[in-house]
Amino acid sequence: MAATTSQSHLLRPTLPSLRLRCPSSIHSVSLRRTNGTDRISSLRAVSKPTILVAEKLGAAGLELLKEFGNVDCSYNMSPEELCAKVPLCDALIVRSGTKVNRTVFESSAGRLRVVGRAGVGIDNVDLLAATEHGCLVVNAPTANTVAAAEHGIALIAAMARNVAQADAALKAGKWMRNKYVGVSLVGKTLAILGFGKVGSEVARRAKGLGMHVVAHDPYASAARAHAIGVDLISFEEAISTADFISLHMPLTPSTDKMLNDETFAKMKKGVRIVNVARGGVIDEEALVRALDSGIVAQAALDVFTKEPPAADSKLVLHENVTVTPHLGASTVEAQEGVAIEIAEAVVGALKGELSATAVNAPMVSAEVLSELAPYVELAEKLARLAVQLVAGGGGVKSVKVTYASARSPDDLDTRVIRAMIIKGLIEPISSVFVNLVNADFTAKQRGVRITEERVLIAQVNSKFPSAETETGEISVAGRVKDGIPHLTQVGSFQVDVSLEGSIILCRQVDQPGMIGAVGSVLGERNVNVNFMSVGRSAPRKHAVMAIGVDEEPSKETLTKIGEIPAIEEFVFLKL
């Protein structure tokens, strides 16, 4: 199947249009039954979704969840207990201590629709398994940003001035002013590794302390760094020139033990290291060796490879190390903010809304979600309509989509639109449940090739031949009007009908009384018409009537319409 999408100004007053075209390159595909159907039926059987909260969450967040669903707060579960519970749950909320691995998703039997991570890092969630099982993963990336940044700055200052060591000595009755002489922060170079939300906030505060700030992040915007007054440099340059190094990257295969014997050897002697990100990014045994050798003068750590660390940990007990028990997000304000942010994200996902904090689905900024939503709906409905117009075959071989916009290609993110086109194409002809999370994966598994460019397409066979253009394409087009998707063209005929409920398309001889004749048949059988539009090639020639109906007409009703003498062809399309 091929689709061509014309779209201009996603977020501007000029309304976009979307066009789908279907060639004859269709074939049967093997579609095995999935848990999607079972999931839908199970959700309909209950009045509220069940939300499992596996780790402590702030009261404000719990209240939001309880207003929407049935909340099960079960803390400190073993992996076996978690796997036993998830088949009964539609959503799962965790912090950093719960591992949501492939076994958890397999145990959910397809019911689990969203996993919420109350915080930023998602290294404890298997994103690939979540995507394959159609489960959305959302996090709370903003609420604890300031708290984590403030804690990073607090550790930098405390380490530089030996606050923790001097406090412990004085409480032990020792007055040791000479031993705990610190270093000044003014004029020192701070290298920030990982220039995301937290890293950039640390940079702003460090600049205020008079530090020279550089950063390394292969994905960071140079313009954003420049606006803060930060130089983006290479990793090698950052670690070799820094007086202080602050870590703010996630734990991934590429960052695992990023700081090790080899990288410590390249650092300036006497460097000081702060970590409020993830413990695994530092090889802890290598850090002890670097501290003992004097390469690293001091370290301040809020996170560890294993939490809590062993009581006899050489790193924790080292006199030149300041430690805190993962307190980065532990402020009253941050805890409440994270709870509210993740609760809102989970509830929104359960409602089927687009999420600005989705980790494994097409992401759309919060500012554009409300305006993008009608176009997303339009894409799915036109795809559903188009696939029903293709005659024969049980599947789709290829989808071709072209976007035309006044915006530059880099400013037009089409992933959500593409996902909904896939949803509209696959769901009507299969039992699989498709959502924003697994759309691309599902298309690939079923051999549906997606390309986003205009191509020449071949002759097609249609259930409604008037939908074919002169070049032998099935062509339907639509646009969003007043926030509602409309069908605006069928083949070469211009129409204007709201894509709500279902549609009857009729090709007829253009003569008086046709609207009344069809309307009377529907009215006699209590089928409500919500919209009607007629497009014609020329007066008294041929016309296409598009009729929006609220109810599905019976076979007898449709037969009666087909018996009207001037009607040459018609088709009922369920959206």
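Contact means heavy atoms within 4.5 Å. Helices (H or I, at least four residues) and strands (E, at least two) are DSSP runs, numbered from the N terminus.

Now the ground rules. This is a predicted model, where local features need pLDDT of at least 70 and side-chain atom pairs count only at pLDDT 80 or more, while totals for chains, interfaces and linings use all residues. Residues are numbered from 1 along each chain as its sequence is written, and side-chain values use heavy atoms, with hydrogens and water left out.

The overall view next. The protein chain has 19 helices and 22 strands. It has 575 residues, and 52% of them count as buried. Buried means under 20% relative accessible area, exposed over 50%, and partly exposed in between, with a 1.4 Å probe and protein chains only. Take the contacts between residues at least 6 apart in sequence: 65% of them join residues at least 24 apart.

Two strands pair if DSSP finds at least two bridges between them. Seven bridges join β20 to β21, residues 542–549.

On to helix α2, residues 59–68. Which of its residues are buried? Gly61, Leu62 and Leu65 are buried. They share one side of α2, because they cover an arc of only 100° around the axis. That arc is taken from the directions from the helix axis to the C-beta atoms. Ala59 and Glu67, on the other side, are exposed. The buried residues pack against β2 (50–53), β3 (70–73), β4 (91–94) and α14 (332–350).

Now the cores. A nonpolar core is a set of buried Ala, Val, Leu, Ile, Met, Phe, Trp, Tyr and Cys residues joined through side-chain atoms within 4.5 Å. The largest has 29 residues. Leu193, Ile245, Leu259, Phe264, Ile282 and Leu287 touch the most other members. Elements giving two or more residues include β7 (189–193), β10 (244–247) and α12 (284–293). The largest share, five residues, comes from α12. Apart from this core lies another, of 28 residues, among them Val376, Ile417, Leu425 and Leu487.

Beyond its neighbours within four places in sequence, its contacts include Leu247, Phe264, Leu287 and Thr305.

Last, a few single residues. Glutamate 150 sits in helix α6, residues 145–160. Its relative accessible area is 42%, so glutamate 150 is partly exposed. Glutamate 150 and alanine 329 are 179 residues apart in sequence, and 9.3 Å apart in space, C-alpha to C-alpha. Cysteine 135 is buried, at a relative accessible area of 0%. Cysteine 506 is also buried, at 0%.
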